[in-house]
Amino acid sequence: MSDAKKAIAYAHENRERFTKELSEFIKIESISTDDAYKAQVTQAAEWAAAHLRTIGIENKAHAHWRTSRCVW
């Protein structure tokens, strides 16, 4: 089986989990252009960083861009 087919099969097998995780993430009202949502933007960045760590990716840098924190 090719890598592409393996990836597609994996996506199909994990669809329910992926949908649940995405739904959890998009519930965070992180409107980066509105200062009233600064806390939610931080919460969304922290959620994304934590999620990436759970799948084996580490964040290496933090930067402040204007009023929002960026993680990569």
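These legends go with a few close-up views of the predicted model.

**View 1. The whole chain, end to end.** Three helices and two strands make up the protein, and along the sequence they run α-α-α-β-β. Helices here are DSSP runs of H or I with at least four residues, strands are E runs of at least two, and both are numbered from the N terminus. Residue numbers start from 1 along each chain as its sequence is written. Because this is a predicted model, local features need pLDDT of at least 70 and side-chain atom pairs count only at pLDDT 80 or more, while totals for chains, interfaces and linings use all residues, and side-chain values use heavy atoms, with hydrogens and water left out.

**View 2. Helix α2 against helix α3.** Helix α2 (residues 15–26) packs on helix α3 (residues 38–54) at about 155°, with the axes 10 Å apart; axes are lines fitted to C-alpha atoms over the stretch in contact, and angles run from 0 to 180 degrees between N-to-C directions. That makes α2 and α3 roughly antiparallel, a label for angles over 145 degrees.

**View 3. Side by side at the α2–α3 contact.** From α2 come E21, E24 and F25; from α3 come A44, W47, A48 and H51. Contact means heavy atoms within 4.5 Å. Sorted by type, the residues of this contact are four nonpolar, one polar and two charged.

**View 4. Zooming in on E21.** E21 sits in helix α2 and is buried, with a relative accessible area of 19%; buried means under 20% with a 1.4 Å probe, protein chains only. Leaving out residues up to four places away in sequence, E21 touches W47 and H51.

Notes:
Angles under 35 degrees count as roughly parallel, over 145 as roughly antiparallel, 65 to 115 as roughly perpendicular and the rest as oblique. Ala, Val, Leu, Ile, Met, Phe, Trp, Tyr, Cys and Pro count as nonpolar, Asp, Glu, Lys and Arg as charged, and the others, Gly among them, as polar. Buried means under 20% relative accessible area, exposed over 50%, partly exposed in between (1.4 Å probe, protein chains only).
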